[in-house]
Amino acid sequence: DLRKALDGASREALNWRPTREETNSIYVIAAHMIGVQRAMVSLAVKAPIQRDRAEEFRASGDSVELLLGALSNAEREVTGWLEQVDQKSLSETRTYLNREITVARCLAMAARHLGEHAGHVGLTRQLWEQRNAES
């Protein structure tokens, strides 16, 4: 869904915010999706990563190719981590926001979060297209 929403997006479309500061651009949401995906799965498998969540929400860029490259890199990394997950590890616990959650819940939270944001990207792209069709 993210790749479809990014397809052919211009620099302006990637960085446009529907209501200025109250909403996020496609670029910001995609950067955050990549960060969330990496953070939650790395937590599940105890793989240390560096993440700057605040920077994700300041992200901007000139091309779809940069985002797609970052997405592909994250997918490869996450796929490697997911290969470490087995039936037994799903019931193990991890500390997330000062509480204990299972690995299974950690992965489910990641999937749900990504799905929600994929919808946000798709809607933002639709609003962009509608805005330009009316201009």
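**Exercise 1. Describe how helix α3 and helix α5 are placed relative to each other.**

*Step 1.* The axes of helix α3 (residues 26–45) and helix α5 (residues 64–82) come within 10 Å and cross at roughly 15°. Axes here are lines fitted to C-alpha atoms, for helices over the stretch in contact, with angles running from 0 to 180 degrees between N-to-C directions. Helices are DSSP runs (H or I, at least four residues), numbered from the N terminus.

*Step 2.* α3 and α5 are therefore roughly parallel to each other, a label for angles under 35 degrees.

*Step 3.* The crossing of α3 past α5 is left-handed, that is, the near helix is turned anticlockwise from the far one by less than a right angle.

A word on the model before we go on. This is a predicted model, in which local features need pLDDT of at least 70 and side-chain atom pairs count only at pLDDT 80 or more, while totals for chains, interfaces and linings use all residues. Residues are numbered from 1 along each chain as its sequence is written, and side-chain values use heavy atoms, leaving out hydrogens and water.

**Exercise 2. Find residues of α3 and α5 that meet, and sort the contact by residue type.**

*Step 1.* On the α3 side, the contact residues include Tyr27, Ile34, Arg38 and Val45. Among their counterparts in α5 are Leu66, Leu71, Glu77 and Trp81. Contact means heavy atoms within 4.5 Å.

*Step 2.* The residues of this contact divide into 14 nonpolar, two polar and three charged. Asp, Glu, Lys and Arg count as charged, Ala, Val, Leu, Ile, Met, Phe, Trp, Tyr, Cys and Pro as nonpolar, and the others, Gly among them, as polar.

**Exercise 3. Work out what the salt bridge between Glu77 and Arg38 connects.**

*Step 1.* The closest N and O atoms of Glu77 and Arg38 are 2.4 Å apart. A salt bridge needs a side-chain nitrogen of Lys or Arg within 4 Å of a carboxyl oxygen of Asp or Glu.

*Step 2.* Glu77 lies in helix α5 and Arg38 in helix α3, so the pair ties together parts that are 39 residues apart in sequence.

*Step 3.* Arg38 is buried at 19% relative accessible area, whereas Glu77 is partly exposed at 28%. Buried means under 20%, exposed over 50%, and partly exposed in between (1.4 Å probe, protein chains only).

**Exercise 4. Examine the salt bridge between Glu129 and Arg125.**

*Step 1.* The closest N and O atoms are 2.7 Å apart.

*Step 2.* Both Glu129 and Arg125 lie in helix α6, four residues apart, about one turn of the helix.

*Step 3.* Glu129 is partly exposed at 37%, and Arg125 is buried at 14%.

Terms used:
Helices (H or I, at least four residues) and strands (E, at least two) are DSSP runs, numbered from the N terminus. Angles under 35 degrees count as roughly parallel, over 145 as roughly antiparallel, 65 to 115 as roughly perpendicular and the rest as oblique.
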